[in-house]
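Here are my notes on this model, as numbered points. Please read them with the structure open.

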Amino acid sequence: MSAPIKSATGRRKTAVARVHLRAGHGQIMVNGRPLDDYFPTQSLQNQVTLPLQLTGTRQTFDIDVNTNGGGSTGQVGAVRLGISRALIANNPEFRALLKPHGLLTRDSRAKERKKSGQPGARKRFQFSKR
């Protein structure tokens with residue numbers, strides 16, 4: 001394998017993805033497995049490849065991703081952000097293509113913590129007058 005061109009990190013909820021971009025033929029490996037094996041549904045695969053399709057670099061780079069934490073949706077969001085950031089590190093002109101689609105914004109939404117004296121983050125125990 002050739003040395004990585006650019007690396008970037010993406011995060012979403014509790015998921016973290018480290019993305020390594022190198023010149024190649026469009027192969028995407030996630031945790032040592034092919035993209036369609038790690039993310040089995042077409043919609044998840046489309047989300048991962050969206051930055052590559054917008055920039056027209058789907059067959060230009062090989063991408064190696066290490067991701068952990070969270071669920072499949074959180075990991076997809078983390079991988080997508082990581083790929084977008086790596087593409088911009090490689091070619092700053094891609095920023096104008098990716099920014100209008102919201103691919104450079106870190107989605108900071110996360111689960112709110114449970115509060116003591118309540119069954120959940122916002123829900124209260126049932127009030128009983130007597």
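1. Start at Ala 15. Ala 15 is buried, at a relative accessible area of 1%. Buried means under 20% relative accessible area, exposed means over 50%, and partly exposed lies in between, with a 1.4 Å probe and protein chains only. Ala 15 sits in strand S2. Strands (E, at least two residues) and helices (H or I, at least four) are DSSP runs, numbered from the N terminus.

2. A word on the source. This is a predicted model, in which local features need pLDDT of at least 70 and side-chain atom pairs count only at pLDDT 80 or more, while totals for chains, interfaces and linings use all residues. Residues are numbered from 1 along each chain as its sequence is written, and side-chain values use heavy atoms, with hydrogens and water left out.

3. What surrounds Ala 15? Leaving aside neighbours within four places in sequence, Ala 15 is in contact with Gly 10, Asn 68, Gly 69, Gly 70, Gly 74, Gln 75 and Ala 78. Contact means heavy atoms within 4.5 Å. Val 79 is 64 residues from Ala 15 in sequence, yet their C-alpha atoms are 9.1 Å apart in space.

4. Gly 70 is in the loop between S5 and H3. Gly 70 is partly exposed, with a relative accessible area of 47%. Neighbours within four places aside, Gly 70 is in contact with Thr 14, Ala 15 and Gln 75.

5. Lys 13 lies in the loop between S1 and S2. These two strands form a hairpin with two residues between them. Lys 13 counts as partly exposed, at 48% relative accessibility.

6. Asn 31 also needs a check. Its phi is near 50°, a positive value in a residue other than glycine. Asn 31 is found in the loop between S3 and strand S4 (33-34). At 31% relative accessibility, Asn 31 counts as partly exposed.

7. Now the sheet. Five strands form an open sheet in the order S1-S2-S5-S3-S4, with mixed pairing. S1 and S4 are the edge strands, and each pairs on one side only. Two strands pair if DSSP finds at least two bridges between them. Strands of a sheet pair through backbone hydrogen bonds, either parallel or antiparallel.

8. The pairings can be taken in turn. S1 and S2 are antiparallel over seven bridges. Arg 12 stands opposite Ala 15 in S2. S2 and S5 are antiparallel over eight bridges. S3 and S5 run parallel and are joined by three bridges.

9. Look at Val 65 in S5. Val 19 stands opposite Val 65. Val 65 is also the bridge partner of Val 30. Elsewhere in S5, Ile 63 has Ile 28 opposite.

10. Which residues of the largest nonpolar core touch the most other members? They are Val 30, Phe 39, Val 48, Ile 63, Val 65, Ile 83 and Leu 87, out of 27 residues. The elements that give two or more residues to this core are strand S2 (15-23), strand S3 (28-30), helix H1 (35-38), helix H2 (42-55), strand S5 (61-68) and H3. H3 gives the largest share, seven residues. A nonpolar core is a set of buried Ala, Val, Leu, Ile, Met, Phe, Trp, Tyr and Cys residues joined through side-chain atoms within 4.5 Å.

11. Not counting residues up to four places away in sequence, Leu 87 touches Leu 21, Pro 51, Leu 52, Thr 55, Thr 57, Phe 61 and Phe 94.

12. Last, the largest pocket. About 170 Å³ of space lies in it. Strand S1 (6-12) and helix H3 (72-90) each supply at least two lining residues. H3 gives the most, with four. Among the lining residues are Arg 11, Arg 12, Arg 80, Arg 106 and Asp 107. A pocket is an open set of points on a 1 Å grid over the protein atoms alone, where a 1.4 Å probe fits, with protein on both sides within 12 Å along at least five of seven lines; lining residues have an atom within 4 Å of a point. Grid points are joined across faces, edges and corners, and the volume is the space filled by probe spheres set on the points.
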